[in-house]
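How do you read a protein fold step by step? Have a look at the model first, then follow the tour.

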Amino acid sequence: MWLRRALPGHHMSDESTKLLQLGLGIIGTMAGLVLGLLVGSATANYNAQRGELLDITSKIVLLDRMLAHYGPEAKAPRDALLVAVQQTLNKMWPQAGASGPQLDPAAVRGEIVLDDLEDLSATNDRQKILKPQAIGLALNIAQTRWLMFEQTGSSISTPLLVLLIFWFTITFVGFGIFSPPNATVTVALGLAALAVSGAIFVTLEMYTPFQGLVQIPSTPLRQALAHLGR
């Protein structure tokens with residue numbers, strides 16, 4: 001708006017205005033499309049991580065129930081599973097004031113569960129059926145856990161983010177040039193800029209689903225932990 005007052009009058013002729021509006025329309029369209037694609041990609045990443053967490057928690061409870069039916073010989077892997085889940089909770093969702101989430105599966109030594117499962121001796125038909133199934137389920141849990149860890153490295157392209165912000169900056173500068181300097185227009189443009197900034201902020205937050213404001217809740221894993229060892 002200040003730039004509008006500073007420009008010479010002939011810079012705001014009808015021909016110049018039409019050309020500037022056309023250019024702003026092109027830039028605004030590109031910026032809106034790219035922002036929509038980024039929001040969609042971030043949402044897909046967030047939902048994938050949340051779905052994998054739900055998948056893991058259901059399989060953890062199933063593994064514990066299988067070991068319960070295996071017999072008292074399975075106490076060691078059940079105890080190891082309980083410890084691994086508790087450590088995973090503490091590291092992925094640390095207490096307030098602690099360092100950020102630690103997502104590396106190796107930090108909780110979940111392989112101990114698999115080692116204990118392999119050491120089980122199957123002495124009857126039920127145990128001979130349950131042991132390979134339990135090992136397969138444990139391997140599946142470990143595979144999904146490592147997949148979640150690798151997906152946390154996904155992030156938005158920094159050059160694309162800078163370019164997107166640059167496009168929106170040009171667009172809002174253009175809005176200011178064509179806007180009359182009054183309070184209503186100022187508030188309206190401020191709210192529009194806040195909406196765009198909020199969309200970019202939420203997009204960035206969704207790429208870090210285990211910290212920040214848009215965080216995957218730990219409720220499913222805590223509920224699974226409450227059912228272990230029964």
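Predicted model: local features only at pLDDT ≥ 70, side-chain atom pairs only at ≥ 80, totals over all residues.

Residues are numbered from 1 along each chain as its sequence is written, and side-chain values use heavy atoms, with hydrogens and water left out.

Start with the core. A nonpolar core is a set of buried Ala, Val, Leu, Ile, Met, Phe, Trp, Tyr and Cys residues joined through side-chain atoms within 4.5 Å. Buried means under 20% relative accessible area, exposed means over 50%, and partly exposed lies in between (1.4 Å probe, protein chains only). The largest nonpolar core has 47 residues. Ile60, Leu63, Leu117 and Leu164 have the most contacts inside it. Helices are DSSP runs (H or I, at least four residues), numbered from the N terminus. H2, H3, H4, H5, H6 (158-178), H7 (183-206) and H8 each supply at least two residues of this core. H2 gives the most, with 14 residues.

Which residues does isoleucine 60 touch, leaving aside its neighbours within four places in sequence? Contact means heavy atoms within 4.5 Å. Isoleucine 60 is in contact with Leu81, Val85, Ile141, Leu221 and Leu228.

Next comes the pocket. Rolling a probe the size of a water molecule over the atoms shows where empty space is left. The search runs on a 1 Å grid over the protein atoms alone, and a pocket is an open set of points with protein on both sides within 12 Å along at least five of seven lines, where a 1.4 Å probe fits. Lining residues have an atom within 4 Å of a point. Grid points are joined across faces, edges and corners, and a volume is the space filled by probe spheres set on the points. The largest pocket holds about 420 Å³ of space. Its lining has 23 residues, and Ala84, Gly110, Ile141, Ala142 and Arg145 are the closest to its centre. H2, H3, H4 and H5 each supply at least two lining residues. H5 gives the largest share, seven residues. By type, the lining divides into 19 nonpolar, two polar and two charged residues. Here Ala, Val, Leu, Ile, Met, Phe, Trp, Tyr, Cys and Pro count as nonpolar, Asp, Glu, Lys and Arg as charged, and the others, Gly among them, as polar.

In H4 (residues 111-119), Val113, Leu114 and Leu117 are buried. Seen down the axis of H4, these buried residues fall within an arc of 95°, so they line one face of the helix. The arc is that of the directions from the helix axis to the C-beta atoms. An α-helix has 3.6 residues a turn, so residues three or four places apart point the same way. The buried residues of H4 pack against H2 (14-70), H3 (75-92) and H5 (125-151).

In H8 (residues 219-227), the buried residues are Pro220, Leu221, Ala224 and Leu225. Down the axis of H8, they fall within an arc of 140°, so they too line one face of the helix. They pack against H2 and H3. Just after H8, glycine 229 takes a positive phi of about 80°.

Proline 181 is found in the loop between H6 and H7. Proline 181 counts as exposed, at 55% relative accessibility. Proline 181 and arginine 4 are 177 residues apart in sequence, and 9.3 Å apart in space, C-alpha to C-alpha. Glycine 153 is found in the loop between H5 and H6, and is exposed at 59% relative accessible area.
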